Amino acid sequence: LDLAMASSSERKPEDYYQNIEKQWAEEFPSTESIEKVWEFYKECGYENPEKTLITILEKVKWTNNRVLDFGCDTGFMLDFICKSNPNLTGVGVDINKAALTQASKNFPQYTFDSFDGLTLPYEDKYFDLVFASAVIKHVRYEDRSKVYNELKRVSRQVFFIDEDSKEQKEKTYENWTFYLSHFEQEFQSNFTPVFVHFEVGDILGLYK
């Protein structure tokens, strides 16, 4: 079977995410500053994204003071989270090795690791929080359970931000496929909600 011709569901997970890694490195416009992050949120309709995220982060119960940014890109959001609590140790993980190289240059005080898209290279309950913004919609439906179990394994809490489409459907944009879901239901069926907020069609939820 030619991988270039195979549908995503026909590809083995390791083949699919390896291919996506190359696509991210070659095509995705990585974040250049935290100001650009807030500009993007506001363009999407958020009123005060920085305040909203801080409000939710204040509800996190910190024990070992470690946070993982799952899909960290160039590290700016991880830095924002760590600056909200000076006691935090920050770790970022991504499949995009090019972004990780830039993240390490931007923020040498944090640790940045690559992974295969499914299995996280950390001990059980190593983190108090995993932050995952606009990441889960890139995970295939058949891989979601494994990813959710990995997030629960390595962390006590998870903070998701994603588009809540109210239905499960694949959406194609240019060369990208998004695996949209009714994330309110999906997250609740896999985690216990701590605090959930909705804004401009997105769900921002803290779970344990």
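Predicted model: local features only at pLDDT ≥ 70, side-chain atom pairs only at ≥ 80, totals over all residues.
Colleague: Why is the sulfur of Cys82 called too far from the closest cysteine sulfur for a bond?

Modeller: The closest cysteine sulfur, in Cys72, is 11 Å from that of Cys82, whereas a disulfide is a pair of cysteine sulfur atoms within 2.5 Å, so the two are too far apart for a bond. By this rule the count comes to 0 disulfides. Residues are numbered from 1 along each chain as its sequence is written, and side-chain values use heavy atoms, with hydrogens and water left out.

Colleague: How do you know whether Cys82 is buried or exposed?

Modeller: Its relative accessible area is 5%, and buried means under 20%, exposed over 50% and partly exposed in between, with a 1.4 Å probe and protein chains only, so Cys82 is buried. Cys72, at 4% relative accessibility, therefore counts as buried too.

Colleague: What makes His182 count as buried or exposed, and where does His182 lie?

Modeller: His182 has a relative accessible area of 17%, and therefore it is buried. It lies in the loop between β7 (176-180) and α7 (183-190), where helices (H or I, at least four residues) and strands (E, at least two) are DSSP runs, numbered from the N terminus. Leaving aside neighbours within four places in sequence, His182 is in contact (heavy atoms within 4.5 Å) with Asp164, Ser165, Lys166, Glu167 and Gln168.

Colleague: Why is α3 called oblique to α4?

Modeller: Helix α3 (residues 49-57) and helix α4 (residues 76-83) pack at an angle of about 55 degrees, with their axes 11 Å apart. That makes α3 oblique to α4, because angles under 35 degrees count as roughly parallel, over 145 as roughly antiparallel, 65 to 115 as roughly perpendicular and the rest as oblique. The axes are lines fitted to C-alpha atoms, for helices over the stretch in contact, and angles run from 0 to 180 degrees between N-to-C directions. Where these helices meet, Glu50, Leu53, Ile54 and Leu57 in α3 face Met77, Phe80 and Ile81 in α4.

Colleague: How do you know that β1 and β4 pair, and which way do they run?

Modeller: Two strands pair if DSSP finds at least two bridges between them, and 3 bridges join β1 (residues 66-70) to β4 (residues 127-133), which run parallel. Within this pair, Val67 stands opposite Leu129 in β4.
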